[in-house]
Amino acid sequence: MKDFKFSKGLVASLMLSAAVLAGCSSDGEEASGSGSEDQVTVDIFQFKVEFKDQFEDVVALYEKENPDVNIEITTVGGGEDYGAALRSRFASGNEPAIFNIGGPQDVADWKDNLSDLAETKAAGAALEGTLDGVTVESEVLGLPYNQEGYGFIYNTRLFEEAGIDPASITDFASLEEAVKTLDSKKDELGLESVFAFPGKEAWVTGLHLSNTFLAPEFDNNVLAAFDAKTVDFKYADGYKKIVDLQNEYSKQPTVSLDYSQQVEELFSLERVAIIQQGNWAYGSIAGIDPELADSGVGLMPIPVEGLDNAGLPVGVPMYWGVNKQADEDVIRESKEFLDWLYTSDAGKTAVVEDFKFIPAYEGYDTSKISDPMSKAIYDASESGNTIGWVFMGYPTGWGEDELGASIQKYLSDEASWDEVIESAKEAWKTSRAE
Amino acid sequence: MRTKDLSYWLFLAPVLLALTLVVIVPMLLGVYYSFTSWNGIVTGEFVGLQNYIDLFKDERFLDSLWFTTKFSIVSVILINIIGLSLALLVTGRVRSSKLLRTTFFMPNLIGGLILGFIWQFIFIKVFASVGEIIGMESLQGWLSTTDTGFWGLVILMSWQMAGYIMVIYIAYLEGMPKELLEASEIDGASTFQRFRYIVFPLVAPAFTVSMFLTLSNSFKLYDQNLSLTGGGPYNSTEMVAMEIFKTAFTQNAFAYAQAKAVIFFVIVAIIALVQVYLNKRKEVEM
């Protein structure tokens, strides 16, 4: 009996070990086995959670039209998480065919895995300037998702009631005057404050706001910023003035004010009149007050002192890359799918109406763009009155972790503005020297 | 008894295999990577001790290490005091002790991320409103300064972990032989004397366990830190785990982050071992 128990235990133990070992090997076999033989499987690894459902619907439509293509989508949200997940996906050997890349740094990191898309129809249709960040020696390594833009979002009704014409705000002085007018009528307008300045969101202060003041320095060119060894902060004074203005007339304490407080709680409930945000805020505002989002807001550029008529900062937040290491027919099908998505009629309709994207390609019926902020951005980009998104070319982590964090220090009176600028310059230099 | 023969190792095989695969191999790999310039995609070249030299000059890392140390000291003390007090309370002659135990343990069942967001709401909104009503200026603007961020984290952590630690103390308190307590009572010991000389030494093993758990948990805290303060303002409430994560995933300095993680591991291991060793000496054998 005792022996029996012993051998039973031994068998169980051996089986467990076998299971542990088996767990390690199963991955590779499974990946190659899926899908029928004549089907090409295209793995898409993408990060935009907001349009996951709509994207899957569109892909289903494409699969119906092209029965020999099987598209698998994996969505992992958020900037940091996506980068980490993508790295581990590649490390595991289960490489996706189509994945997302951000700016020039991503292109440099992933260069060996990005195939040239210059020949695709979509690349031909891309609006001027949208391919700058992903072009390396005439090779186009990515296709833009869409365009996005930001500036000061204002409440048109409140402006009207305060007797301010948004078109008259063209420089810092007129903005300051408008803010003071609004501030003096705070009680009548039911405002808590004029601005809601989200100092907690380092990307708002350190990436977006700084971009407005650094873009002229780098000629609006993201690659110029990416290649720059140093940064001068020529417009540091103008930057300080905008930070001070937003901070002074904002609900306090600004250091812990976050995106949801700024957009949802304060702006959507019309408790502040102006916020610095972009067209992506549409969803958040519409979730609380659809009417306000559709007809009660406007978008204006952030004035830069010493520079007349700064445009709206418009750029491409994300690109599609096609894996160079994938099989030839997978690469071909991937390119075809992206072409279809951005240049076919069905794809175009989906991009504008279902995804609610601001297209980065020509030949779109823009009257279908419904929300006022996106419209303002598309109009601006058509007329060329825009400034570039050079922040995509900042040193990795510099905008948020260095500059944004220093601005939080400034807002808590722990550092002077000169110290903020000096430490940011220094950090840029060190990180580029490596 | 047959030891160390083939069947001995065969029985150990599943555990050894699993441990090797998921703990030892990754750790050795990690140590190896810390000597390279790995960026998460390609291994990069061998750079020797460069990463380790850099990190001792890295102010942000040292700041976060100091912040974590301060946080751990305060929370270990607070959690153990609160946990023991709660345990004494519910093992005493309280009517609803069963219900209270459940209630005190409850916070531990909520995930750290969610707790962080709940407490963020409490600190920012509820504190501000209450402060407005009772006219206390110090309740305004919580989490917007380093100090309030620090205490916010301590309060959150104590609230969450005290119930868990309470359960450990309860187990030891209830396992105490009643004769000893009765004998001391007959001998005329006061309540304090009874606690100091009978209860305290007998629950000493519980201190070892509880302090180990609270110490390592406080040091390795990540999710509560992320959702409550996110390291803000100006990264001053950033703890080591979060600092390492950011180095790796926002600055893409994977090898450097790995070097920090190795140092962090060494520090936590040393502190934990010293603590267990010291506590063990205080325990009494029954």
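**View 1. Chain B is built from 12 helices and zero strands.** Helices here are DSSP runs of H or I with at least four residues and strands are runs of E with at least two, both numbered from the N terminus. This is a predicted model, in which local features need pLDDT of at least 70 and side-chain atom pairs count only at pLDDT 80 or more, while totals for chains, interfaces and linings use all residues. Residues are numbered from 1 along each chain as its sequence is written, and chains are lettered from A in the order in which they are written. Along the principal axes, the C-alpha atoms of chain B fill a box of roughly 75 × 75 × 30 Å.

**View 2. Helix H9 of chain A, residues 202-214, is largely enclosed by the rest of the structure, because 12 of its 13 residues are buried.** A residue is buried if 20 or more other C-beta atoms, placed from the backbone, lie within 10 Å of its own. Among the buried residues of H9(A) are Gly206(A), His208(A) and Phe213(A). The buried residues of H9(A) pack against several elements of chain A, including helix H11 (236-248), strand S8 (274-278) and helix H18 (398-411).

**View 3. Chain A and chain B meet in a contact that takes 26 residues from chain A and 25 residues from chain B.** Two residues are in contact if their C-beta atoms, placed from the backbone, lie within 7 Å. On the side of chain A that touches chain B, the elements that give two or more residues are helix H1 (2-33), helix H3 (79-91) and H18 of chain A, and the largest share, seven residues, comes from H1(A).
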